[in-house]
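Colleague: Could we go through this structure together?

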Amino acid sequence: MSAMHGILVGVAALAVTVLVVGGAAGVATGRVPPWARSRVLRPRLWGWGSLVTGAGATVWMFVGPLNGPPHGASAYVAWAGWGVLMAGLVIQLRARRPGRTPRLPPASTTAAS
């Protein structure tokens with residue numbers, strides 16, 4: 001393993017770790033990074049999306065490009081990781097939209113006595 005490859009692996013591992021820790025904080029406490037607070041309406045869903053994105057990115061990076069040229073079944077596993085990464089990003093985008101409002105019982109027209 002060359003020095004540059006080791007640096008790339010270290011930076012990728014650090015980036016995925018930060019992503020997963022932020023997602024765990026979002027799920028557990030509802031906290032979102034300061035730069036996303038104004039846009040995220042459902043922080044727990046954003047946290048789950050971040051965890052899914054981190055898992056997909058880990059599989060994609062460490063089975064695919066950072067492991068050498070994909071060959072055989074590892075190419076399919078790497079592309080599956082890419083698909084999971086994209087699904088996590090879609091979940092994070094959905095966290096920016098308001099959730100469904102609960103249905104209220106119909107209002108009564110008679111006065112209570």
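Modeller: The points below concern the cores and then individual residues. This is a predicted model, in which local features need pLDDT of at least 70, side-chain atom pairs count only at pLDDT 80 or more, and totals for chains, interfaces and linings use all residues. Residues are numbered from 1 along each chain as its sequence is written, and side-chain values use heavy atoms, with hydrogens and water left out.

Colleague: Which residues form the largest nonpolar core?

Modeller: Ala12, Val16, Ala57, Met61, Leu66 and Leu85 form it. A nonpolar core is a set of buried Ala, Val, Leu, Ile, Met, Phe, Trp, Tyr and Cys residues joined through side-chain atoms within 4.5 Å; buried means under 20% relative accessible area, exposed over 50%, and partly exposed in between (1.4 Å probe, protein chains only).

Colleague: Which helices each supply at least two residues of this core?

Modeller: Those are α1 (3–29) and α2 (43–63). Helices are DSSP runs (H or I, at least four residues), numbered from the N terminus.

Colleague: Turning to threonine 53, is it buried or exposed?

Modeller: Threonine 53 is buried, with a relative accessible area of 6%. This residue is found in helix α2, and a polar atom of its side chain lies 3.4 Å from the backbone oxygen of glycine 88.

Colleague: And where is arginine 37?

Modeller: Arginine 37 is in the loop between α1 and α2. It counts as partly exposed because its relative accessibility is 44%. Its C-alpha is 9.8 Å from that of arginine 96, although the two are 59 residues apart in sequence.

Terms used
Polar contact = N/O pair within 3.5 Å; in protein donor to acceptor, adjacent residues only side chain to side chain.
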